[in-house]
Amino acid sequence: MNPEKDFAPLTPNIVRALNDKLYEKRKVAALEIEKPTVPLCSLSRLVREFVAQNNTVQIKHVIQTLSQEFALSQHPHSRKGGLIGLAACSIALGKDSGLYLKELIEPVLTCFNDADSRLRYYACEALYNIVKVARGAVLPHFNVLFDGLSKLAADPDPNVKSGSELLDRLLKDIVTESNKFDLVGFIPLLRERIYSNNQYARQFIISWILVLESVPDINLLDYLPEILDGLFQILGDNGKEIRKMCEVVLGEFLKEIKKNPSSVKFAEMANILVIHCQTTDDLIQLTAMCWMREFIQLAGRVMLPYSSGILTAVLPCLAYDDRKKSIKEVANVCNQSLMKLVTPEDDEPDEPKPVGQRQMAPNPDDSLAKQEGPTSGGPEGSCDSSFSSSISGFMPASTDRAPVTLHLDGIVQVLNCHLSEMAIGMMTRIAVLKWLYHLYIKTPHKMFRHTDSLFPTLLQTLSDESDEVVLKDLEVLAEIASSPAGQTDVPDGPDFQVSHPELQVPASGRASLLSTPSTKGLECSPSTPTMNSYFYKFMINLLQRFSSERKLLEVRGPFIIRQLCLLLNAENIFHSMADILLREEDLKFASTMVHTLNTILLTSTELFQLRNQLKDLKTLESQNLFCCLYRSWCHNPVTTVSLCFLTQNYRHAYDLIQKFGDLEVTVDFLTEVDKLVQLIECPIFTYLRLQLLDVKNNPYLIKALYGLLMLLPQSSAFQLLSHRLQCVPNPELLQTEDSLKAAPTSQRGGSPSIDYTELLQHFERVQSQHLEVRHQRSGRGDHLDRRVVL
């Protein structure tokens, strides 16, 4: 510094002292600026005189000199002296220092960036004195003060950090006691600084948010969308103390949200929560999930436009194990609460309702609309790719209000993606199926737009290892097949074109089977509800799946069919499958499938009503069903006989057994006869065994049983049936006087309205086809591909 330079009104002694290396001398020189007791014409007296004279020009000249020539000097000792001088000048100005705060603060803040830690400490001390004198007058300069303090909070020097903490506490006291704090102007800076990765800077930010949240006149909740993402970032800090502080802040915000839900911008924060609900940090995920739970319960239908994102975050959590039990439980509540928001009003009504009757909510932002749209990803994309990007900005809340419209595109894509992903846990898959079932119940018209895309995945899910998953899957498929909304949506595509929208007796041979010319189709039966267009498609695809995946048929086939008989109409199930199998070209599969269906029909408790319907064939509907089943049952000779036993067509059963002599008797054939004998001894055929007492009226039953006995080799089944037939009484011993006088009754030979001759001829034709195929296989080893002729 040039000693000859004129620093008036500062005296040479003051200038020399401010440039002195010794701190005490600088301190004395600074005090000379303040105290009027210095013998010479001290700067302090001049400053006070300038204040008294309202001479702002001279005051600014003094401050400018201290700033430019000392505080911003190239010499470190001069800079330190300048900082002390500015602080002392502020003290001398007293309450008028507020008029010159910009000139006083700026050079001090510049020194915050000095490489010398001692100088940074002096700057911190100087600013403390300036702020202490000015108090509330510094609030217009709060942002620059906060910016400087946020840097000092991360200072590596402990003395500087300690000094900054003193200044920080002073500034917090001023903000707390004032009602003129500019929150709007501060939020952009807070939003920027909240993404700092420095541990001390994060602690500094959190402490300020806590202070602002505690001030009654400051409503920080309005600006929560601006800082919520940053708060969740800080929650993942490695420091336990910082994480705890952040938990407290988020807890306070959540309490306030619960108290004042009407003033909360739920929609602007929904996507933020979706992102953090998918993080790998347990604390962040649990906290975000708790917030999501409260948002869904408090905001209600406002959250519906964000359903696809919420489901993307929530569904995987449902499969967590006990290590993440808390997250799993909260996620389950979120899932259930969100599901309850979907109501029948979200479907497409027959007549559009006035807009005024719809609940109102903020429009979702454009980014969410893209996530909800068809381009957000589907079965070919990642389940969470639409929601993995970070938050880069926030849209302001719209003042317009719009109806809450449930768009299913994004929701169905998320559900389909999770269901088709084999790595997804069982509980997640069950939750997905519950969602699909719920949507088909509440919004069937909207859902049937997506049925063609869901159908393959639902069929694939039948192979799931979990019985509970398969059961829920069947519930969804059954709802699709029976919903009235599906009647108008005829499936598209060559693979699913079905010419049987309603079940009916096959046209081929139907007129010749029944003697009544005015026979109506099965769809006219009051006891058989008509299924929709997807029912027949479902039956075709189910049989195709059984054919291509024989293990599924063996392991799950009976379970699937029995459950479908409970969920849908059992008569429709058997009628449609028999109709489809009639056109089956893979005869071996047809025989296996018929055997499976017959076993289910004869043994399952779920089929009790259908068995009773077939027992007597008294109604036209039951006769129709018998004829349809019979024609397909002909693929398996033994099952055909068992069907005749069930329907008490004993004479026709005897005629069939007579034809067995013309068939190729194999080991499999004899095994099935063996199983039929075992079945006759079961409770289902109790009525048949009791009819053996009435020898006179059931001769063909006895002859049919003897026919089976003659087919069997000397085996346990042979012994069992032989012992049973030995118990048949002598008809002469059973005659009484009343029975001798009674008119002779007609023998049980079958329903007179059914053309059994034609049925027998059909049996012979089908068995001839089977024989021809077996010979082809044995001769050339050809494997016939299965396909359905429609």
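**Helix pair**

I looked up helix α4 (residues 56-71) and helix α5 (residues 76-93), which pack at an angle of about 160 degrees with their axes 7 Å apart. This makes α4 roughly antiparallel to α5, a label for angles over 145 degrees. Axes are lines fitted to C-alpha atoms, for helices over the stretch in contact, and angles run from 0 to 180 degrees between N-to-C directions. Helices are DSSP runs (H or I, at least four residues), numbered from the N terminus.

I then listed the contact (heavy atoms within 4.5 Å). On α4 it is made by I59, V62, I63, L66, S67, F70 and A71, and on α5 by S78, R79, G82, L83, G85, L86, C89 and L93.

**Source notes**

The model is predicted: local features need pLDDT of at least 70, side-chain atom pairs count only at pLDDT 80 or more, and totals for chains, interfaces and linings use all residues. Residues are numbered from 1 along each chain as its sequence is written, and side-chain values use heavy atoms, with hydrogens and water left out.

**Cysteines**

How many disulfides does the structure hold? I found 0 disulfides (pairs of cysteine sulfur atoms within 2.5 Å). For C627, the nearest cysteine sulfur is that of C628, 8.7 Å away. C627 counts as buried at 1% relative accessibility, since buried means under 20% relative accessible area (1.4 Å probe, protein chains only). C246 is also buried, at 0%.

**Glutamine**

Q285 sits in helix α15 (residues 282-299). Q285 is buried, with a relative accessible area of 2%. Leaving aside neighbours within four places in sequence, I noted that Q285 contacts H276, C277, T279, C317, Y320, K324 and I327.

Key: Helices (H or I, at least four residues) and strands (E, at least two) are DSSP runs, numbered from the N terminus. Angles under 35 degrees count as roughly parallel, over 145 as roughly antiparallel, 65 to 115 as roughly perpendicular and the rest as oblique. Buried means under 20% relative accessible area, exposed over 50%, partly exposed in between (1.4 Å probe, protein chains only).
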